[in-house]
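Subject: Structure handover

Hello,

Here is the structure you were waiting for. My notes on it follow below.

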Amino acid sequence: MLEGKALIEDTDMPTKMQIQAMAAASQALDLYDVVDCKSIAAHIKKEFDTRYGSGWQCVVGSSFGCFFTHSKGTFIYFTLETLNFLIFKGVASSSPPSSPH
């Protein structure tokens with residue numbers, strides 16, 4: 001487990017889900033090299049798809065821009081070590097979208 005502490009930049013997730021997101025990120029960083037952002041993101045996405053149902057998206061890196069719409073209560077953006085983590089669940093056509101981030 002990494003010694004570093006995650007810093008949440010923005011979120012609308014319930015606290016329990018936030019803790020799970022940071023734990024999944026920490027676990028992925030233990031399993032993969034820090035430069036293997038694709039494998040880290042895939043690990044987190046699979047964890048969230050398994051735990052909370054399919055449709056999760058995960059972006060990991062040290063520098064990226066993004067614009068997306070997410071389902072209410074499913075968004076978190078945080079930093080851990082040298083990486084930024086963006087996790088969210090996309091909006092299904094039947095769900096009203098929340099504000100874009």
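Buried here means under 20% relative accessible area, exposed means over 50%, and partly exposed is what falls in between, with a 1.4 Å probe and protein chains only. By that rule Thr79 is buried, because its relative accessibility is 19%. Please keep in mind that this is a predicted model, in which local features need pLDDT of at least 70 and side-chain atom pairs count only at pLDDT 80 or more, while totals for chains, interfaces and linings use all residues. Residues are numbered from 1 along each chain as its sequence is written, and side-chain values use heavy atoms, with hydrogens and water left out.

Thr79 and the sheet

Thr79 sits in strand 3. Helices (H or I, at least four residues) and strands (E, at least two) are DSSP runs, numbered from the N terminus. Apart from neighbours within four places in sequence, Thr79 is in contact (heavy atoms within 4.5 Å) with Lys5, Ala6, Leu7, Glu9 and Asn84.

The sheet is open and has four strands in the order 1-3-4-2, with antiparallel pairing. Its edges are strand 1 (7–11) and strand 2 (56–61), each of which pairs on one side only. From one strand to the next the twist averages 15°. Two strands count as paired if DSSP finds at least two bridges between them; strand 1 and strand 3 (residues 76–80) have four, in the antiparallel sense. Within strand 3, Ile76 is the bridge partner of Thr11.

Helices

Helix 1 (residues 15–31) packs on the sheet and touches strand 1, strand 2, strand 3 and strand 4 (83–89). The direction of helix 1 makes about 40° with that of strand 3. Helix 2 (residues 37–52) lies across strand 2 and strand 4, at about 155° to strand 2. For these angles, axes are lines fitted to C-alpha atoms, for helices over the stretch in contact, and angles run from 0 to 180 degrees between N-to-C directions.

Core

A nonpolar core is a set of buried Ala, Val, Leu, Ile, Met, Phe, Trp, Tyr and Cys residues joined through side-chain atoms within 4.5 Å. The largest one has 22 residues, and those with the most contacts inside it are Ile40, Ile44, Phe48, Val60, Phe78, Phe85 and Ile87. Helix 1, helix 2, strand 2, strand 3 and strand 4 each give two or more residues to this core, and helix 1 gives the most, with six. Beyond its neighbours within four places in sequence, Phe85 has contacts that include Ala25 and Leu29, Ile40 and Ile44, Val59 and Val60, and Phe78.

Salt bridges

There are two salt bridges, each defined as a side-chain nitrogen of Lys or Arg within 4 Å of a carboxyl oxygen of Asp or Glu. One joins Asp49 and Lys45 at 2.5 Å, N to O. The other joins Glu47 and Arg51, with the closest N and O atoms 3.2 Å apart. Asp49 and Lys45 both lie in helix 2, four residues apart, about one turn of the helix; Glu47 and Arg51 also both lie in helix 2, four residues apart. Lys45 is partly exposed, with a relative accessible area of 28%, and Arg51 is partly exposed at 46%.

Cysteines

A disulfide is a pair of cysteine sulfur atoms within 2.5 Å, and the count by this rule is zero. For Cys58, the nearest cysteine sulfur is that of Cys37, 9.8 Å away. Cys58 is buried, at 15% relative accessibility, whereas Cys66 is partly exposed, at 41%.

Regards
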